[in-house]
Amino acid sequence: MSTAVAQNRGLGAVIWDYLTTVDHKKIAHLYLVSGGLFFLIGGLEAMIIRIQLMEPSNNFISAGLYNEMITMHGTTMIFLAAMPIIFALMNAVVPLQIGARDVAFPFLNSLGFWLFLFGGLILNISWFTGAPDAGWTNYAPLSTTSPGHGVDYYVMGLQISGAGTLIGGINFLVTIVNMRAPGMTYMRMPLFTWTVFVTSTLILFAFPALTVGLFLMMFDRMFGSAFFDVALGGNAMIWEHLFWIFGHPEVYILILPAFGAFSEIFSTFSKKRLFGYSAMVFATVLIGFLAFMVWAHHMFTVGLGPIANSIFAVATMAIAVPTGIKIFNWLFTMWGGNIRMNSAMLWSVAFIPTFTIGGMTGVMLAAAAADYQYHDTYFVVAHFHYVIVGGLVFGIFASLHYWWPKMFGQVLNEALGKWTFWLFFIGFHMTFFIQHFLGLIGMPRRYWTYQEGQGLEVGNMISTVGAFLMAIGTLVFIYNIVQTAVKGEKVSGDPWDGRTLEWTIPSPPPHYNFKQTPLVRGLDALWVEKSEGKKGMTPAEPLGDIHMPNNSILPFLMSLGLFIAGFGFIYQVDDKMWLILVFIGMGITLGSMLTRSVKDDLGHHIHKEDLEKGAGE
Amino acid sequence: MRGWMGKFRSLILFGALTLFLSGCGVENMTALKPEGYGANLLFDLMMISIAIMLFVFIIVMAIYTFVLIRYRQKKGQEDYIPKQTEGNKALEIIWTVIPIILLLVLAVPTVQATFDLADTGAKNDEDALTVEVTGNQYWWHFNYKGQEITTSQDLYIPTGERVYLDLKSSDVIHSFWVPSIAGKMDTNPGENVNSMYLEAYEEGVYWGQCAELCGPSHSLMDFKVIAVSQEEFDQWVEDMQNVDPKAQPETASAQEGQELFNNNCMSCHAIGSGGAGIAPNLTNFGNRTMIAGILEPTKENLVDWIVNPDEIKPGNQMPANLVSEEEASKIADYLLQLKHSEVTPESAGKNNQE
């Protein structure tokens, strides 16, 4: 269904269309908008934190509220901003890059989104009743003994949105395994698709650890179990292990798709094939594998003993090798190329030194004994912002500039793009570079305030000023989006002289993506055709009817049911009457599932004759 | 224009100077000026890793700068199609093998230092000094094993000797950190007792902090390690072992304060080596470096603290308004005259920053 038709039918129809859509391109829009909103909320929380730390013994917000702020900043940014924006890019790009008409399970794709959104809403509604305050890591027993319902919101919110992420991960795994166009072997897949493939595998194995941890936490807090209560024979360490068995791979879940996007961008704007493609694939898989071998480096000071600490230290250092391979291959992709320096490329180019610094401090942190000094200080805060912002957020900005035309049919303004970049880039380094030193001279992280005369004033002031620059940069980016949308200048399907399949179809792509499934004849499928002087792809099939899935409101209803039941679970601790909400909510969810099971939904066909007339474009 | 430039230049100079001065942080709190065995070992390890990492960084940046300058698109070259190189096996091997070698160079001292710092086997020797450290929301409890000495907040240790610590927590996880003497170690609830050691080279008062989020007042859970000479430490031990918890103070106000203290505070607090350990042990309180870890030790601050502890350290366990301000003043008189030892933070000599 084209946007033109939808607009004629009014706002209500558009909203209904988005509530029921199973189209991966529209689900990408949903992920992007909601992830973007949560990114702004998380950013606002960050600004409040920086204002509080601007001067010693500041009282801008209270100590309790400060702990809620840091908890929500971390949780929001990781689970509700970074993850969905990554999913937005995965949805927008992967099916197009592999020449597919949708993902393997369009219905589940929609379900994954709505679960994420309702989980995120639960988490943020906690602001009205008292937010979680035990840090995004939520260590027991601080979390199990935290008064009020804040941590309950954390548990329910992450459980529901985590289920959505798990569903999404499985969906992409199946999509990439099964739905590649003819001729696209594994070693001809674009690197972004490769990284999404590895990321989805990590999601599949890492998220269950979080799910288990959250269930134990839920039972400890809501139903009187004692998994983490030492007084009753439990063990608080179990949470730390479960959390980091999930938490460390999570970092790579986030960063790998960004690596993939950078690979596409370096290659496209250097007009060169990616240097060392097979080494890059190998490095990606190796990073994914090692991701599960290093979780205890978050726990060097817990007291695991020198043997465990040494093993995990060396394993962690090993990750620097594949990461280094990637950095050098990117540099040599540009070597000898014809480099076009636009906004997407600026973010990518800035990523290399920034991420290298993050990697350097990563190796420093891996030295187990030295971590006894770094651990839980601003050195760590600086490190993970260098990798997550310098890697992932830079990657998101680069990807948005790069794929914006494919998603929305418009090119973002270059001048404003560069303003965003310089403000954010300078602000970022001001904010976080100094924090390495703040940590080394004795400032622990998660400190509500510091005392006068500890030598921490100047560094914190610089850091806060930098944070304001980043905030202004972000606002310029939003202005850029609005301005571009208002102008509404359309672009062709291939504005960057692209190399991969998504650039062979119009921008934005029609409902069914590919009129005829393309035949892939090598890595950089479009470039292969271009270098032989052809304009488009050779089709792999004659023009025929296209089978497409039907829209459905059921994913929304299933998620809504869990959302309602979530509140029931949280408040039944106070009063068993709240269990009614659990029954209503679960009734809606299970009823929707039953409907889905018994009702045949065979989808619909777009007929050959309509395709010839150009319908749906 | 000139004036503006001048102003600007002085601003930069001033900024650079401030940065330089604060570069290594405040003495006795920073990890960058090690004053003890552990911190020194870790500082060396830090320097090795920084050196190796800078070497890599410089190489990356050299290639990076060259590539960006040399291969940036030039005017009139918009349509130039570069050669589509697939890769280079020799290069791939080089940038795989060299980092592996560099990491091995770093891994050896890392493993050595990790085992070195975990070597607390000697804590069971007869003449070893071992202190049980308990983290509490939001204060530190110190029990000198086999010495019948209990204190809180100020940990006295002798210089030039390894003092072993057994760390645990009475509630949530905390982390014991004295950056200029040693690295940190978590205090876990339950039976998960951790061990580490402190070895201070010089006398001094060293800043300690909690480094694991433990509640609203996590950032206010400061403590001090006071390193004194061996003779002074022996003196302190003797003084502390001979404390008479019931000794009558001199002034009338302090005597009333003692009475009030015994009636209102003793159910949680204690003076002398006994006591429940529910709240900080107040032996030798008059010699404390700080009140509650963060306030200057004045009477005014102490009265404020006794009357409204929650305003100063949000979320702490001490009840507010248990006594009136007038009564608090008498209790303060009593507590501030509790100077049970000749050895004070001032004895820590030249490095005392208070």
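# Close-up views of a predicted two-chain model

**View 1. Chain A, overall fold.** Of the contacts in chain A with a separation of 6 or more, 81% are between residues 24 or more positions apart; two residues are in contact if their C-beta atoms, placed from the backbone, lie within 7 Å. This is a predicted model, in which local features need pLDDT of at least 70 and side-chain atom pairs count only at pLDDT 80 or more, while totals for chains, interfaces and linings use all residues. Residues are numbered from 1 along each chain as its sequence is written, and chains are lettered from A and ligands numbered from 1 in the order in which they are written. Chain A has 19 helices and two strands. Helices (H or I, at least four residues) and strands (E, at least two) are DSSP runs, numbered from the N terminus. With a radius of gyration of 24 Å, close to the 25 Å from the globule rule for 617 residues, chain A is as compact as a globular protein of that length. The radius is taken over C-alpha atoms, and the rule is 2.2 Å times the number of residues to the power 0.38. The C-alpha atoms of chain A fill a box of roughly 70 × 65 × 45 Å along the principal axes. Of its 617 residues, 60% count as buried. A residue is buried if 20 or more other C-beta atoms lie within 10 Å of its own, exposed if 12 or fewer, and partly exposed in between, with C-beta atoms placed from the backbone.

**View 2. Chain B, overall fold.** Eight helices and ten strands make up the helices and strands of chain B. Its radius of gyration is 27 Å, whereas a compact globule of 354 residues would have one near 20 Å. The C-alpha trace of chain B spans about 95 × 60 × 35 Å along its principal axes. In chain B, 45% of the 354 residues count as buried.

**View 3. Where chain A touches chain B.** In this contact, 76 residues of chain A meet 79 residues of chain B. Elements giving two or more residues to the chain A side are α4 (63–97), α9 (277–290), α10 (306–334), α11 (343–366), α12 (368–374) and α15 (457–487) of chain A. The most comes from α10(A), with 15 residues. By class, the chain A side has 44 nonpolar, 26 polar and six charged residues. Ala, Val, Leu, Ile, Met, Phe, Trp, Tyr, Cys and Pro count as nonpolar, Asp, Glu, Lys and Arg as charged, and the others, Gly among them, as polar.

**View 4. An open sheet in chain B.** Five strands lie in the order β3-β2-β1-β5-β8 (chain B), with mixed pairing; two strands pair if DSSP finds at least two bridges between them. The edge strands, β3 (149–152) and β8 (194–198) of chain B, each pair on one side only. Strand β2 (residues 139–144) of chain B pairs with β3(B) in the antiparallel sense over four bridges. B:Thr151 in β3(B) is the bridge partner of B:Phe142.

**View 5. Strand β5 of chain B and its neighbours.** Strand β5 (residues 163–169) of chain B is largely enclosed by the rest of the structure, because five of its seven residues are buried. Strand β1 (residues 129–136) of chain B and β5(B) pair in the parallel sense over seven bridges. B:Lys168 in β5(B) stands opposite B:Thr134. With β8(B), β5(B) pairs in the antiparallel sense over five bridges. The bridge partner of B:Leu167 is B:Asn194 in β8(B).
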